[in-house]
Amino acid sequence: MKKYIILLLTLAFSSFIFAQKGNTFPHLAKSGTVTQLIVNDKPFLILGGELGNSSAASGEDIERIFPKLQRMGLNTVLVPAYWDLIEPTEGSYDFSLVDKAIKQTRENDLKIVFLWFGAWKNSMSCYAPLWFKKDYKKYPRANTKAGKPLEIASSFSENVYQADNRAFSQLMKYIASIDKEEGTVIMVQIENEIGMLEDARDYSAEANKLFNESVPEVLINYLNKNKNTLHPQMLEKWEKQGFKKKGNWQEIFGADLYTDEIFMAWSYARYVEKLAQTARSMHNIPLYVNAAMNSRNRKPGEYPSAGPLAHLVDIWHCGAPNIDILAPDLYDGFVDWVAKYKLHNNPLFIPEIKLSDSNGAQAFYVFGEHDAIGFCPFSIENGSDSERSPLVQSYAKLRELMPLLTEHQGKNTMNGLYFDKENQKRIIYRDDLRITCRHFFTLPWDSRATDGSKWPEGGGIILRLAKDEYIIAGSGIVVEFEKTDENKAIDAKELGEDGFASTGKNDRKEQIWNSSSRCGIGPVDEISVNKDGTFGYIRRLNGDQTHQGRHVRIGVDDFSILHVKLYEYK
Ligand code: DGJ
């Protein structure tokens with residue numbers, strides 16, 4: 001009893017000291033309609049990048065890479081923690097690489113997210129230590145339908161879970177021991193791209209037995225309670241079976257590959273939930289899992305079946321309630337996938353996206369359109385650290401914009417823009433305005449717009465500060481403002497760069513102007529945004545740079561932040 005009281009007092013005292021420093025653990029918090037990541041007591045956007053798989057496996061590499069990441073303008077790096085290097089011999093642990101990564105993170109003014117490469121990495125168990133792999137009797141493998149054992153540990157095995165969880169808990173304990181005060185580690189990813197390959201589910205003896213048993217009541221209750229918001233595919237499968245409340249997996253969801261996938265997702269989610277509980281009990285910071293997308297018409301098992309995929313969101317939410325975010329890895333497709341992961345119950349975090357020159361524009365889009373928590377190109381160490389690189393320019397501006405963006409998240413005052421040659425235009429309505437946003441190359445005045453060059457992606461954010469006051473930021477965009485009731489039919493002629501009609505034919509008809517008022521563009525200032533959210537003047541843009549007051553634009557080679565005031569005239 002005495003011991004217990006001393007422990008309580010110590011805990012109370014340390015949380016008092018902690019609170020005194022105004023320093024809570026990184027955590028997620030609701031703000032309006034969105035979830036924000038809070039770091040050092042402030043909403044934070046991860047302007048990140050994930051290291052290539054083998055780039056944190058040597059202290060020298062870590063020392064070489066991290067300063068470059070700082071030069072690139074990242075504020076966060078995602079770094080694997082490798083089970084095979086952490087526990088090369090069963091029961092003895094080596095955290096030297098983790099330690100080195102945390103030190104380098106601090107030295108380079110970054111934050112870090114660790115990726116637990118434990119039992120599964122891209123479906124496979126390649127990061128399990130050799131002692132684990134060799135002892136396949138104790139640590140059984142998933143089997144295909146044909147009975148072939150795979151290099152995939154079975155999620156149905158208690159021994160697999162015990163070994164994985166023991167090493168993971170050591171990692172969390174280590175992080176807690178060196179990072180409770182500083183909060184350098186802001187999130188942890190559990191496993192990497194979990195999913196069953198070759199077949200949609202594991203056919204090991206234990207898996208087969210459970211497949212024929214009843215679907216757990218907790219899942220049925222969840223489906224029932226959330227019937228109105230279930231993913232359409234989930235709802236349809238259950239509906240086809242008459243919304244049954246009792247039965248085995250095939251009775252509840254029908255006999256097909258997608259039921260096998262649901263069963264398997266439940267197994268993975270329950271497994272991950274146990275690791276998440278371990279993490280929370282050791283060091284309570286946000287936790288997420290990432291998913292390989294189910295693209296190009298492949299069936300479960302042809303793609304990694306049962307990961308935290310959009311159509312399995314209900315299974316994962318119910319099975320792993322201690323996981324905060326289900327996160328998409330994006331290598332194919334962008335706009336459609338991000339929309340599928342920004343849900344009322346799932347904030348958007350992109351832990352991996354293919355490293356490319358489009359990343360700068362993509363980052364603007366996800367923060368503006370989907371209130372994203374973070375954006376991280378993969379194998380970031382291979383990106384350019386030149387000041388002119390799109391990502392470096394984009395992150396520099398987004399870093400400035402962070403106080404403004406986090407203040408506006410969840411308030412429905414922002415839109416993200418993303419344009420390419422196929423998707424050139426978007427119209428946004430705000431107050432009494434029709435705001436037409438287009439790709440910069442829809443102005444045909446830059447020869448690259450028409451000479452067959454690839455159109456670089458345009459991306460931006462339109463943020464409404466007040467009626468008639470906007471921030472327009474990004475790259476490769478043109479924005480025009482009109483009153484919604486303006487009579488568009490009148491004088492709708494194409495204008496050249498000089499403002500003359502592009503074609504000179506005199507085909508004017510008698511027209512009567514009958515709209516109530518027009519919207520004019522007042523000052524357009526390129527600005528910087530200070531840490532406290534106030535603006536710094538860089539330059540006034542007028543004349544040719546606004547097409548003599550007709551539009552606001554940012555060229556494809558630049559990223560900038562513009563402060564725009566509008567006015568009304570009749
Ligand atoms: C997605 C995985 O999550 C990464 O670890 C990496 O393997 C990339 N695919 C592709 O290289």
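So, Glu469 first: its bridge partner in β23 is Lys565. That pair belongs to a set of 6 bridges joining β18 to strand β23, residues 560–569, and the two run antiparallel. When I say strands pair, I mean DSSP finds at least two bridges between them. And the strands themselves are DSSP runs of E, at least two residues, while helices are runs of H or I, at least four residues, both numbered from the N terminus.

Quick caveat before I go on: this is a predicted model, where local features need pLDDT of at least 70, side-chain atom pairs count only at pLDDT 80 or more, and totals for chains, interfaces and linings use all residues. Residues are numbered from 1 along each chain as its sequence is written, and side-chain values use heavy atoms, with hydrogens and water left out.

Okay, back to β18, residues 469–475. How many of its residues are buried? It's 6 of 7, so to speak a mostly covered strand; buried here is under 20% relative accessible area, exposed is over 50%, and partly exposed is in between, with a 1.4 Å probe and protein chains only. β18 also pairs with β17, residues 458–466, through 7 bridges, again antiparallel. Have a look at Ile462, which stands opposite Ile472 in β18. The β17–β18 hairpin has 2 residues between the strands, and Asp468 takes a positive phi near 75° there.

Now another sheet to click through. Four strands make an open sheet, in the order β15-β16-β19-β22, with antiparallel pairing. At the edges you've got β15 (425–430) and β22 (552–554), each pairing on one side only. The twist averages 15° from one strand to the next, with axes as lines fitted to C-alpha atoms, for helices over the stretch in contact, and angles from 0 to 180 degrees between N-to-C directions. β15 joins β16, residues 433–439, by 6 bridges, and Arg430 has Leu433 in β16 as its bridge partner.

Zooming out, the protein has 15 helices and 23 strands. The radius of gyration is 27 Å, close to the 25 Å the globule rule gives for 570 residues, so the protein is as compact as a globular protein of that length. That radius is taken over C-alpha atoms, and the rule is 2.2 Å times the number of residues to the power 0.38. Along the principal axes, the C-alpha trace spans about 85 × 55 × 50 Å. Of the 570 residues, 55% count as buried.
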